[in-house]
Amino acid sequence: METKTADFSGTWKMKSSENFEELLKALGVNVFLRKIAVAAASRPAVEITQQGETLSIQTSTSVRTTHISFTVGQSFNETTVDGRPCTSFPRWETDSKIVCEQTLQKGEGPKTGWTRELTNDGELILTMTCGDVVCTRVYERE
């Protein structure tokens, strides 16, 4: 019997954010760029389309727009929050949570990753990790 996975599709607005600046600091982003990033990322617009196991996520802020597309269970190339190229491997941890480990393509750096989870009350929880620093962002559908 096939398990039904959650549908992440929709336009999402951020309700809360914890430890974003701390995450950037752990990544080694300088104070000037951290302040710009925190201000710009305070009201991101996130649009997700999903067809089965394939997701496309566009995140827009006043400074930049990022776009990733991936299929759960297949590695893909993306960049870390601070712009370093990495190979990411997303997998289902539960039928409503995707866990993704990132591996830098060049050089050394802290271990990074992210999770996206749909809660029973319809919120989307994004966590981004760098070493032992965890940033948690909660979104609701518009």
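**Strands and their partners**

Thr94 has Lys97, in S7, as its bridge partner. Before I go on, this is a predicted model, in which local features need pLDDT of at least 70 and side-chain atom pairs count only at pLDDT 80 or more, while totals for chains, interfaces and linings use all residues. Residues are numbered from 1 along each chain as its sequence is written, and side-chain values use heavy atoms, with hydrogens and water left out.

Two terms are needed here. Strands are DSSP runs of E with at least two residues, numbered from the N terminus. Two strands pair if DSSP finds at least two bridges between them.

Strand S6 covers residues 85–94, and eight bridges join S6 to S7 in an antiparallel arrangement. The two form a hairpin, with two residues between them. On its other listed pairing, S7 meets S8 over six bridges, again antiparallel. There, Gln102 stands opposite Thr112 in S8.

Is S7, residues 97–104, mostly covered or uncovered? It is mostly covered, with six of its eight residues buried. Buried means under 20% relative accessible area, exposed means over 50%, and partly exposed is in between, using a 1.4 Å probe and protein chains only.

Now to S1, residues 10–18. S1 pairs with strand S2, residues 45–51, in the antiparallel sense over four bridges, and Trp12 stands opposite Val46 in S2. S1 also pairs with strand S10, residues 133–141, antiparallel over six bridges. In that pairing, Ser16 has Val138 in S10 as its bridge partner.

**Two partly exposed residues**

Thr87 is in strand S6. Thr87 counts as partly exposed because its relative accessibility is 28%. Contact means heavy atoms within 4.5 Å. Leaving aside neighbours within four places in sequence, Thr87 is in contact with Ser75, Phe76, Asn77, Glu101, Gln102, Thr103 and Gln105. Arg34 is 53 residues from Thr87 along the chain, and their C-alpha atoms are separated by 24 Å.

Gly122 lies in the loop between strand S8, residues 112–118, and S9. Gly122 has 29% relative accessibility, so it counts as partly exposed. With neighbours within four places in sequence left aside, Gly122 is in contact with Trp12 and Arg141. Gly122 and Arg141 are 19 residues apart along the chain, with 7.7 Å between their C-alpha atoms.

**The core**

A nonpolar core is a set of buried Ala, Val, Leu, Ile, Met, Phe, Trp, Tyr and Cys residues joined through side-chain atoms within 4.5 Å. The largest one here has 29 residues, and those with the most contacts inside it are Phe8, Leu23, Ile48, Phe70 and Trp114. Strand S9, residues 124–130, gives the most to this core, with four residues.

**The pocket**

Last, the space. On a 1 Å grid over the protein atoms alone, a pocket is an open set of points where a 1.4 Å probe fits, with protein on both sides within 12 Å along at least five of seven lines; lining residues have an atom within 4 Å of a point. The volume is the space filled by probe spheres set on the points.

How much space lies in the largest pocket? About 990 Å³. Its lining has 39 residues, and Arg64, Thr66, Thr80, Val81 and Met128 lie nearest the centre.
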